[in-house]
Number of protein chains: 2
Amino acid sequence: MLTEERHRIILELLAEKGVVKLQELVEATNSSESTIRRDLTQLEKEKKLRRIHGGATVLQKKREELSVLEKSTKHRQEKKQIAEYAASLVQNGDCIYLDAGTTTLEMIPHLYDKDIVVVTNGIMHLDMLLEYDIPTYLLGGFVKKKTKALIGRGALQALQSYSFDKCFIGANGVHYEYGYTTPDPEEAMVKHTAIQLSQKAYVLADHSKLNESAFSKIAELHEAVLITDDLAEEWLEPYKAKTTVEVVTK
Amino acid sequence: MLTEERHRIILELLAEKGVVKLQELVEATNSSESTIRRDLTQLEKEKKLRRIHGGATVLQKKREELSVLEKSTKHRQEKKQIAEYAASLVQNGDCIYLDAGTTTLEMIPHLYDKDIVVVTNGIMHLDMLLEYDIPTYLLGGFVKKKTKALIGRGALQALQSYSFDKCFIGANGVHYEYGYTTPDPEEAMVKHTAIQLSQKAYVLADHSKLNESAFSKIAELHEAVLITDDLAEEWLEPYKAKTTVEVVTK
DNA sequence: GAAAAATCAACCAAAATCATTTAAAAATAA
DNA sequence: TTATTTTTAAATGATTTTGGTTGATTTTTC
């Protein structure tokens, strides 16, 4: 049996039981005692487990790893606040469109228990929506590997057969002159179409997106309400002149 | 044996087992040790696998998916064999439809490195297809929580805009009188439509499905080739009278 | 607390695996 | 066809892995 394989088995067994005896591992892997000892020493050095007399236990710092993940996205706090506010705009009976993107993803936990129907083009969103038992329709189309978003002709066509009370769109750039923008033209098309099909459209963008612009235009400023978190009034002036701006305060 | 073919075999074996010993590969390809070594070195550089002492393993990402598969379901061995055979029917350049379902899911590792386009209605399938870098289109529509399959009007409509060289469908019942069946009428509709849109249609069903029938009819027997694993000739007689049956031997 | 049992780290030599070089065979190009 | 490149197989010695043994250390038992 290969070292790698053994290590996997050890860690799996460990995750399952919390503690393992050396002897168990010897049996489970058909290896000698000294081999297992060496494995344990190595895995301990890699911080995958902690050795104890007679075997090994899991580390207690699972939590830390999770919190590291939590922090992974930038401006997470701001995004969360924006998302929570946006979710509060959703009312029972609404049929909403959720655009793929990390900010809109954060909305989902706050949609729990609302009596709504959601349409989305984000596979990541879908998984979470199902977890929260929210009835969901997915657009069809080509799957963009990097973002797991549905784009292209198929997505547009699928979109045409719906109409929404509200839509919530993410944008990479918000500029008082160039409007809402995003890098991928195909995604921009989908976002734009969703906005057009909605009674009320919202773009979610934290302050780092303000005065930035990306390659493809999604829509003009006036076509959607901007939800952001910046507090400096002077920065917002040019936007307020052109559209409704909802500012989420801390 | 051509290099390319060897590489395909290596990656397939790897996708199936998660880890392979160098010696296994030597046997599987009838090549020398040094040849395999060179292959492994090259494939590692291409980030298709990771070398370890004594062989190679899949990359970390794919590992998780494999473990999901491991745990899934009864008759796994049979399903695997059926799936592997089905995958062998897929040729470069094909555009195929993969129905949601555990058996068709098993096909995916064997599709690795083939030059194909896949359309599916299974979210689980999608995730795995992306991992294996296979260009994928997803049907739209309502998401059935339990099976993570796309069904309903939206899915049917999305389906209409494609046509396939081959489709691979799962069925819960195969009966010489009632044909292919499945419990959910909405799913049955999708499956039936896919069959109609394909040049060549295959239904994948292990022997436990034979002579069973479920609520909703997918199609008549003659509309699709049956791929199964039962060996008892007398059981197969009535089916062979009505359609082509491909029996996967052990 | 002392003896017995279990577990440990450290070491060893055998076996397996490795990278590299060599030369033959096969595929490709001119 | 010949020349050139690619692919393969075998041989080399270096490196890694392995199972067993040692005596030291820890845990258990009385």
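The model is a predicted one, in which local features need pLDDT of at least 70, side-chain atom pairs count only at pLDDT 80 or more, and totals for chains, interfaces and linings use all residues. Residues are numbered from 1 along each chain as its sequence is written, chains are lettered from A and ligands numbered from 1 in the order in which they are written, and side-chain values use heavy atoms, with hydrogens and water left out.

I begin with the protein interface. Here 25 residues of chain A are in contact with 30 residues of chain B, contact being heavy atoms within 4.5 Å. The area buried between the two chains is about 2300 Å², and carbon and sulfur atoms give 61% of that area. Buried area is the accessible area, for a 1.4 Å probe, that two parts lose on being put together, summed over both.

Across this interface there are 4 salt bridges, each defined as a side-chain nitrogen of Lys or Arg within 4 Å of a carboxyl oxygen of Asp or Glu. One of them joins B:Arg50 to A:Glu4, with the closest N and O atoms 2.4 Å apart.

Which elements of chain A give two or more residues to the side that touches chain B? They are helix 1 (3-17), helix 7 (123-131), strand 6 (136-138) and strand 7 (141-144). Helix 7 of chain A gives the most, with 4 residues. Helices (H or I, at least four residues) and strands (E, at least two) are DSSP runs, numbered from the N terminus.

Strand 6 of chain A also pairs with strand 7 (residues 141-144) of chain B, in the antiparallel sense and over 2 bridges; pairing requires that DSSP find at least two bridges between the strands. In this pairing, A:Tyr137 has B:Phe142 as its bridge partner.

I turn now to the DNA. Of the 14 residues around DNA strand C, those that come nearest are A:Arg37, A:His53, A:Gly54, B:Arg37 and B:Gly54; a residue is near a strand if one of its heavy atoms lies within 4 Å of it. Of the DNA strand C atoms within 4 Å of the protein, 88% belong to sugar or phosphate, and the rest belong to bases.

A:Arg37 has a polar side-chain atom 2.6 Å from a phosphate oxygen of DNA strand C.

Note on methods: Polar contact = N/O pair within 3.5 Å; in protein donor to acceptor, adjacent residues only side chain to side chain.
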